[in-house]
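Hello,

Here is the structure we spoke about, with the sequence alongside. Please open both and keep them in view while you read my notes below.

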Amino acid sequence: MGALLELLGSIGTILFTLTKDVTEEEIEKNINFLKEYQWFQKYLDNDKFENLIMNDKDVRFVIGKLNSEKMKKNAYYKKHQIKIQKVLLKKSN
């Protein structure tokens, strides 16, 4: 069941990726926005995760996709916090 959900998530990510590109400007703006959060600061304090945040295209894409205005809504915030954490953990292995 978990593998099926992961497969569906991967397919969704691929389809979503094809719908909109993100710019370096959006990515940098969102990184600066996320620096306000302690959980994101912990990732930046770790060399391995900081390298992924600054250089990995998949991680940067996920960060670039978030809408900082919607981050004020708790459900949106939690959803994107989990997305960022998942991609970082996946890429770090």
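Is D58 buried, partly exposed or exposed? D58 is partly exposed, because its relative accessible area is 29%, which lies between the limits of 20% for buried and 50% for exposed. Please keep in mind throughout that this is a predicted model.

First, the overall layout. The chain has 93 residues, of which 34% count as buried. Its accessible surface is about 6,500 Å², and carbon and sulfur atoms make up 56% of that area. If we take the contacts in the chain with a separation of 6 or more, 61% of them are between residues 24 or more positions apart.

Next, the salt bridges. The structure contains six of them. Two involve D58. One joins D58 to K57, where the closest N and O atoms are 3.5 Å apart. The other joins D58 to K91, with 2.6 Å from N to O. This second pair connects distant parts of the chain: D58 belongs to helix α5 (residues 57-65), K91 belongs to helix α6, and 33 residues separate them. The partners of D58 can be described by their accessibility as well. K57 is exposed, because its relative accessible area is 65%. K91 counts as partly exposed, because its relative accessibility is 31%. These residues are part of a network of salt bridges that links D56, K57, D58 and K91.

Another salt bridge is found between E69 and K72, and its closest N and O atoms are 3.6 Å apart. Are these two residues buried or exposed? E69 counts as exposed, because its relative accessibility is 57%. K72 also counts as exposed, at 66% relative accessibility.

There is also a patch of positive charge on the surface, where K70, K73, K79 and K83 gather. One of these, K83, sits in helix α6, which covers residues 74-92. K83 counts as partly exposed, because its relative accessibility is 36%.

Last, a residue in a loop. Where does V22 lie? V22 is in the loop between α1 (2-19) and α2 (24-34). V22 counts as buried, because its relative accessibility is 18% and the limit for buried is under 20%. Leaving aside residues up to four places away in sequence, V22 touches I27, F61, G64 and K65. Of the pair V22 and F61, the two residues are 39 residues apart in sequence, and their C-alpha atoms are 6.6 Å apart in space.

To find these places in the model, you could begin with D58 and its salt bridge to K91, go on to the positive patch that includes K83, and end at V22 in its loop.

Regards

Key
Residues numbered from 1 in each chain as written. Predicted model: local features only at pLDDT ≥ 70, side-chain atom pairs only at ≥ 80, totals over all residues. Heavy atoms only, no water. Patch = residues over 30% accessible without salt bridge, like charges linked within 9 Å, V, L, I, M, F, W, Y side chains within 5 Å. Areas by Shrake-Rupley, 256 points an atom, 1.4 Å probe, with all protein chains shown as cover. Salt bridge = Lys/Arg side-chain N within 4 Å of Asp/Glu carboxyl O. Lys, Arg positive; Asp, Glu negative; His and termini not counted. Charge placed at Lys NZ, Arg CZ, Asp CG, Glu CD. Helix = DSSP H or I, 4+ residues; strand = E, 2+ residues; numbered from the N terminus. Buried < 20%, exposed > 50% of the residue type's maximum accessible area, 1.4 Å probe, protein only. Contact = heavy atoms within 4.5 Å.
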